[in-house]
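Subject: Structure handover

Hi,

Here is the structure I promised to pass on.

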Amino acid sequence: MQNTHPASPSQDVSTPPAATNTEPVRTDVLIVGAGPVGLFAAFQARVLGLQCEIVDVLDRAGGQCTELYPEKPIYDIPAVPGCLAQDLVDRLLEQCAPFAVPMHFGQRVEGVQELPGEPQRLLVATDAGKRFEVAAVLICAGAGAFAPQRVSLPEAAALEGRHLHYAVRDVSRFAGKRVIVAGGGDSALDWALALRKVAARVTLLHRREGFRAADHTVAEMRAAVAAGEMDFVVGMLGALQTEGDALVAAQVRTREDTLTLPADELVALYGLVSEPGPIAHWDLDMRAGRILVDTTTYESSRRGIFAAGDIAFYPNKQKLILSGFHEAALALRRAYHYAFPDKALVHVHTSNNAALKEALTHGTD
Ligand SMILES: Cc1cc2nc3c(=O)[nH]c(=O)nc-3n(C[C@H](O)[C@H](O)[C@H](O)COP(=O)(O)OP(=O)(O)OC[C@H]3O[C@@H](n4cnc5c(N)ncnc54)[C@H](O)[C@@H]3O)c2cc1C
């Protein structure tokens with residue numbers, strides 16, 4: 001799977017806090033996953049009067065639309081005759097923007113437990129030490145948690161996070177460094193082009209001459225190579241040479257030869273793989289890695305835990321964005337009863353919803 005776009009600066013990218021014992025965040029619903037379904041779920045939750053927060057393991061919203069096919073057109077969203085996948089995500093972000101839903105990126109939802117003494121509430125934890133105390137969890141985790149495809153050399157693990165990177169979060173840390181960017185998609189080319197402006201030297205390394213990137217990006221890269229602003233090498237990583245903690249060079253196997261490329265930093269952008277992740281161990285009834293739900297409520301086999309979008313399973317389930325929107329809308333109506341057991345949910349169309357109009361006009365607290 002190819003990660004095609006660097007994080008958009010317009011999206012809220014929060015750095016995960018170190019593991020802490022701080023008080024859990026209290027909210028009504030935790031939404032796992034900021035793909036199209038999670039984003040629409042956030043809007044729906046707020047329209048119904050539910051407070052919610054979103055967590056995604058990636059550093060930006062959009063799920064498969066953003067990571068796998070941002071520039072492909074989608075034609076089957078009702079009332080949208082056609083739009084690019086990334087445009088759909090941008091519109092979903094715009095739709096829920098007035099509610100300022102907190103989005104926590106770069107952290108993976110790991111565990112869930114019933115709150116001792118308060119069995120109607122759930123405590124959910126992320127791998128960054130953040131905890132949420134909620135009435136319901138809506139899992140919109142798609143195909144699972146995306147993770148970068150890692151460099152498989154034995155010496156790679158010790159360099160990860162220091163001189164081997166699977167994402168660029170801070171361009172300034174590459175200033176004056178010799179950088180190898182490995183990969184052949186938009187992400188690798190975009191970052192090679194961007195880093196050449198700050199690095200001492202950038203080498204783009206890809207196993208073949210052809211790329212899986214947009215034509216204009218490939219043309220820009222080739223022009224930069226022709227102008228002597230960066231290098232391009234066709235080959236495969238063979239070994240990483242270190243001195244102490246530092247990376248000093250990469251050995252690269254080309255068709256004819258083995259090259260030694262001096263390097264201080266390696267940015268490997270080979271794309272993403274999706275992993276079933278920890279939710280597979282939440283003791284939910286699963287079918288082929290997906291969560292079995294009751295189609296009247298989209299609730300799983302555990303009270304208060306719902307699933308919508310590609311991760312949900314039921315007979316005749318279609319992995320379509322529009323199905324996920326419907327599933328999330330119904331799941332949240334059930335979740336409302338868990339958040340407010342003493343209140344009836346009164347149905348009001350959005351066209352008549354005064355509180356919604358106020359939020360869209362003036363924002364919310
Ligand atoms: C090439 C392609 C073309 C497609 N075209 C269409 C189309 O034309 N029309 C259509 O309707 N559908 C299309 N689809 C399918 C559509 O993209 C999916 O149905 C949709 O993305 C599902 O949305 P989702 O929000 O359920 O999951 P996803 O988009 O997969 O998002 C899930 C998010 O959850 C996050 N996550 C997972 N686990 C965790 C965890 N434990 N902690 C934190 N975060 C987590 C992931 O990082 C991810 O961002 C297409 C798919 C592909 C691959």
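To start you off: where is Val198 found? Look in the loop between helix H5 (186-195) and S14. Helices (H or I, at least four residues) and strands (E, at least two) are DSSP runs, numbered from the N terminus.

Before the rest, some ground rules. This is a predicted model, so to speak a computed one: local features need pLDDT of at least 70, side-chain atom pairs count only at pLDDT 80 or more, and totals for chains, interfaces and linings use all residues. Residues are numbered from 1 along each chain as its sequence is written, and side-chain values use heavy atoms, with hydrogens and water left out.

Back to Val198: this residue is partly exposed, with a relative accessible area of 32%. The cut-offs are under 20% relative accessible area for buried, over 50% for exposed, and partly exposed in between (1.4 Å probe, protein chains only). Arg173 is 25 residues away along the chain, and its C-alpha atom is separated from that of Val198 by 9.2 Å.

The ligand

There are 32 residues around the ligand, and Asp56, Gln64, Tyr69, Val109 and Asp310 come nearest. A residue counts as near if one of its heavy atoms lies within 4 Å of the molecule. By class, this shell has 18 nonpolar, nine polar and five charged residues. Here Ala, Val, Leu, Ile, Met, Phe, Trp, Tyr, Cys and Pro count as nonpolar, Asp, Glu, Lys and Arg as charged, and the others, Gly among them, as polar. Four elements each supply at least two residues of the shell: helix H1 (36-48), strand S3 (52-56), helix H2 (63-68) and strand S11 (145-148).

One nitrogen atom of the ligand is 3.1 Å from a polar backbone atom of Val57. For Val109, a backbone N or O atom lies 2.8 Å from a nitrogen atom of the ligand. On the oxygen side, a ligand oxygen is 2.9 Å from a polar backbone atom of Ile321. The protein covers 87% of the 1000 Å² of accessible area that the ligand has on its own; such areas come from the Shrake-Rupley method with a 1.4 Å probe, and for residues only the protein chains shown count as cover.

Asp56 sits in strand S3 and counts as buried, at 9% relative accessibility.

The strands

Is strand S13 (residues 178-182) enclosed or open? Four of its five residues are buried, so S13 is largely enclosed by the rest of the structure. S13 pairs in the parallel sense with strand S14 (residues 201-206) over five bridges, and with S19 over four. Two strands pair if DSSP finds at least two bridges between them. Val181 stands opposite Leu204 in S14 and opposite Val267 in S19.

Strand S19 (residues 265-268) is covered on both faces: Glu265 and Val267 on one side and Leu266 and Ala268 on the other are all buried. In a regular strand the side chains alternate between the two faces of the sheet. Strand S12 (residues 164-165) also pairs with S19 in the parallel sense, over two bridges, and Leu164 has Leu266 as its bridge partner.

Elsewhere, three strands form an open sheet in the order S21-S22-S24, with mixed pairing. Its edge strands are S21 (286-287) and S24 (312-313), each pairing on one side only.

Ala79 has a positive phi of about 70° although it is not a glycine. This residue lies in the loop between strand S4 (73-74) and strand S5 (83-84) and is exposed, at 82% relative accessible area. Tyr298 likewise is not a glycine but has a positive phi of about 60°. Tyr298 is buried, at 4%, in the loop between S22 and strand S23 (305-307).

Cheers

Note on methods
Polar contact = N/O pair within 3.5 Å; in protein donor to acceptor, adjacent residues only side chain to side chain.
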